[in-house]
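Trainee: Hi! I'd like to learn how to read a protein model. Could you show me one and walk me through it?

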Amino acid sequence: MRILPTLSGLILAGAATTAAQNNSFCSPQSGDAQVVQYAWALEYLVQQYYASVPVNQTFLSSALNSSTASYAPNLQGINQQNRLGVRATQQLGKSISSFTAPGCNFTFPAPNSSEVFLTTAQAFESNVSAALIGLEGYTQAPEVSFLIARLAAQHASHAAYLATTQEAVIFQSNVTSLVDAYSPSYVLSNGTSRGQLGRYFKGCVSAPQAPCGNLTIGPLGATRGGNSSSTSPSSSASPSASSPLSTATSSSASGTATTASSRRRFW
């Protein structure tokens, strides 16, 4: 009887149609607009910091380990990767009808030495990596999650390179948590603790809402400021020129601050 193959074909066709309908979340939708806007703002923050100073051999020659760390070519490559991060989030945002690039206008205190510039760059890279790790729990479409994971890994590698040129010990043996993960509301909040960047954003972007309510990033999460998301208040505070990130020398891997005695020197 030919009715069975025909019936089976109809059932399979119906299942395929249902699967396609259920997989409509695979492409970025309006629910991810805030997530991509926030990711774009993080990428643009770091890219603009590098653009604020002429990163060349003359400027970097007085930095610790300048003769062996190859700062100029590495930082030029890092800067290019950060530009690509801005470009990638912009391109992803164009696939979401409600996406608009935030009107962020970042200003940074001029570093009084190449050493300050490098330690601040390391802190930005570390903080943004942790912010992107925390952001992965706020996405709805896999395509958005994939990009955020790539960007988080990229900034983690930048932070690790900069830390190895400045610190003697990067990975502490007494660590008790995984790498840091910061919720958007914590990152955008006012304050001077590690990971709080609200004084730079000044309300130009809002924290996305977690799709599943209060988000727990654990176990061993190394979270900061709680995990629930809320709109960040605007900030009018000006960052200190002597300590741009307050904890600019903190390591993303160990969560400890660098002291003068632990500075690394290449011989």
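Mentor: Happy to! Let's start with a term: a residue counts as buried when its relative accessible area is under 20%, and as exposed when that area is over 50%. Keep in mind that this is a predicted model.

Trainee: Cysteines make me think of disulfides. What is a disulfide, again?

Mentor: A disulfide is a covalent bond between the sulfur atoms of two cysteines.

Trainee: How many disulfides does the structure hold?

Mentor: The structure holds one. Cys 104 pairs with Cys 204, and their sulfur atoms are 2.0 Å apart.

Trainee: Where do those two sit in the chain?

Mentor: They link distant parts of the chain, 100 residues apart. Cys 104 is in the loop between α4 (71-94) and α5 (114-135), while Cys 204 is in the loop between α8 (198-201) and β2 (223-224).

Trainee: Which hand does the disulfide of Cys 104 and Cys 204 have?

Mentor: The disulfide is right-handed, because the torsion about the S-S bond of Cys 104 and Cys 204 is about 80 degrees.

Trainee: New topic: salt bridges. How many does the structure hold?

Mentor: There is one salt bridge in the structure. Asp 180 forms that bridge with Arg 194, and the closest N and O atoms are 3.3 Å apart.

Trainee: What does the pair of Asp 180 and Arg 194 tie together?

Mentor: Asp 180 lies in the loop between α6 and β1, and Arg 194 in the loop between α7 (184-187) and α8, so the pair ties together parts that are 14 residues apart in sequence.

Trainee: Are Asp 180 and Arg 194 buried or exposed?

Mentor: Asp 180 is buried, with a relative accessible area of 12%. Arg 194 is buried too, with 9%.

Trainee: What about the surface? Which residues make a nonpolar patch there?

Mentor: Leu 178, Val 179 and Leu 220 make a nonpolar surface patch of about 300 Å². Leu 178 lies in the loop between α6 (142-166) and β1 (181-182), and with 53% relative accessibility Leu 178 counts as exposed.

Trainee: Last one, a helix. How many residues does α2 have, and how many of them are buried?

Mentor: Helix α2 (residues 33-51) has 19 residues, and 15 of its 19 residues are buried, so "mostly covered" describes it by the under 20% cut-off. From first C-alpha to last, α2 reaches 26 Å, close to the expected 27 Å.

Technical notes
Residues numbered from 1 in each chain as written. Predicted model: local features only at pLDDT ≥ 70, side-chain atom pairs only at ≥ 80, totals over all residues. Heavy atoms only, no water. Patch = residues over 30% accessible without salt bridge, like charges linked within 9 Å, V, L, I, M, F, W, Y side chains within 5 Å. Areas by Shrake-Rupley, 256 points an atom, 1.4 Å probe, with all protein chains shown as cover. Salt bridge = Lys/Arg side-chain N within 4 Å of Asp/Glu carboxyl O. Helix = DSSP H or I, 4+ residues; strand = E, 2+ residues; numbered from the N terminus. Buried < 20%, exposed > 50% of the residue type's maximum accessible area, 1.4 Å probe, protein only. Disulfide = S-S within 2.5 Å. Expected span 1.5 Å × (residues − 1).
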